[in-house]
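Thanks for coming. I will go through a few local features of one model and then stop.

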Amino acid sequence: MTILEDALKKKVTDDFRQIAKDEKVNINTILKAVSKGQAVIIKRINNKPVGIGFPFRTKINVNIGTSTSLVNVDTELEKVKVAEKFGTDTLSDLSMGGKIDLIRKKILNISTVPITTVPIYQVLTEANSIEGITDDLIFKVIENHLKDGISSLVIHSGFSLEDLNRMKGKRLMGMVSKGGSYTAAYMVNNSVENPFLKNFDKLLEILNEYDAILNLGNAMRSGCIHDKIDEFQFSEIKLNSKLAKKANKKGVQVIIESLGGHIMAKDLIKYLKLYKKITNNRPLFVSGPIPTDFAPGYDHIAAAIGGAFASGFGADYLCAITPAEHLCLPTVEDIKKGLISCRIAAHVGDSFKFGLNYLFNDDLHLSKYRFQKNWKKQFEHSVDPTEPQKKHPISEDVCSMCGKYCALSISQKLFNNKPSTKF
Ligand code: SF4
């Protein structure tokens, strides 16, 4: 029985109990959300499962992995440790360089969070060219990943050959999704239909067997804000919505990736609401979104602005964008910056979704300790306790910004002789 099949039969397993405890959500609410396909439980064998979708807090994914230009396995493993230390909920191993099977196993060995892969990446490297890709190779790679314990697969099945033929010359940046472009090139080169679409039933059988999540990829995402939401994005979300329904009927849980990439800020909220409606409120995963093309080197900040609003108005799962976006393979420090920016975005987004409930105790505690100038406790409640100490050692009382004319000290005397210590 898969998790979805358990939910449909109202069978309460340890996975549901764990999620109820972690998310502080009633088990019946979880069973209902999972059985309707509006939330998923992504599991990692021998580790804690993660809930994605409403009514859970917004989750974050961090991408790691080698490229064909840069293979440093130790660095990738360091990224795993840093991402877990600073609170990622999931990881995606996007390795395309070096011994991919071995790298995946090493990442699985040292990590605890659920891991996603995009099998078409390894398919292309093994085929060594678009021409060498076959359906058999695609399914061999998919099986290998699932056998190793991968929790979720990104599959770009939401477009047809006809869509690709119609798209010619209609966009400034064409198709910017890596997995989407590899799949599209295979289809156009061989004049064949989308291999995932063509073999969708077979894919569902395998995913059901391993109880893995189907992550319907966002091949049609826009690569710049001037490539506005278009017919191709609409056709992808509609097709993915149908495929999700079919997958759910076969006991396979689905996350829908959409509205990622670069989207004009003014369009974001309208389309988030519309896409949630089209997909019957299925878990929505967004990469970014980045609301300006003006910030190379700072795309983690641009993405955090987009991510906060995306999360606040319906996205359930954000992919961290690093300062290296569109520039190079991220360093360990880039991974940390991207993750922290994304955690801030998700936290702000959750304040839209849930108001100032239990998720925001850290904000409350931090503010009270800040007013007391209790630096140690203030930093303990911050998103990254290590960073503020570089600016203000906890041993120092006075902050150099206002020195002895500290507004908070004056305010304590004026308005609050006995600052509250009760939380
Ligand atoms: S010195 Fe100024 S900046 Fe520093 S804590 Fe006091 S009010 Fe804030």
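First, a term. I call a residue buried if 20 or more other C-beta atoms lie within 10 Å of its own, exposed if 12 or fewer, and partly exposed in between, with C-beta atoms placed from the backbone. This is a predicted model, in which local features need pLDDT of at least 70 and side-chain atom pairs count only at pLDDT 80 or more, while totals for chains, interfaces and linings use all residues. Residues are numbered from 1 along each chain as its sequence is written. Helices (H or I, at least four residues) and strands (E, at least two) are DSSP runs, numbered from the N terminus.

Now the backbone. Most residues other than glycine have a negative phi, and most peptide bonds are trans. Ser191 has a positive phi, near 50°, and is not a glycine. Where is Ser191? It sits in the loop between helix H9 (178–190) and helix H10 (195–198). Ser191 counts as exposed because it has 7 other C-beta atoms within 10 Å.

Lys10 also has a positive phi, about 60°, and lies in the loop between helix H1 (3–8) and helix H2 (14–23). It has 12 C-beta neighbours inside 10 Å, so Lys10 is exposed.

Next, the cis peptide bonds. One runs from Phe54 to Pro55, with omega near 15°; Pro55 is in the loop between strand E2 (50–53) and strand E3 (59–64). Another runs from Gly288 to Pro289, with omega near -10°, and Pro289 is in the loop between strand E9 (284–287) and helix H14 (299–312).

On to helix H5, residues 100–110. Which of its residues are buried? They are Ile100, Ile103, Arg104 and Ile107. These four are on the same side of H5, because they cover an arc of only 100° around the axis (the arc of the directions from the helix axis to the C-beta atoms). An α-helix has 3.6 residues a turn, so residues three or four places apart point the same way. The face turned away from the buried side of H5 carries exposed Leu102, Lys105 and Asn109. The partners that the buried residues of H5 pack against (contact meaning C-beta atoms, placed from the backbone, within 7 Å) include helix H4 (73–85), strand E4 (90–93) and helix H7 (135–148).

Last, the ligand. Around it are Cys399, Met401, Cys402, Cys406, Ala407 and Leu408, where near means a C-beta atom, placed from the backbone, within 6 Å. This shell has 6 nonpolar residues, no polar and no charged. Ala, Val, Leu, Ile, Met, Phe, Trp, Tyr, Cys and Pro count as nonpolar, Asp, Glu, Lys and Arg as charged, and the others, Gly among them, as polar.

Conventions
Contact = placed C-beta atoms within 7 Å.
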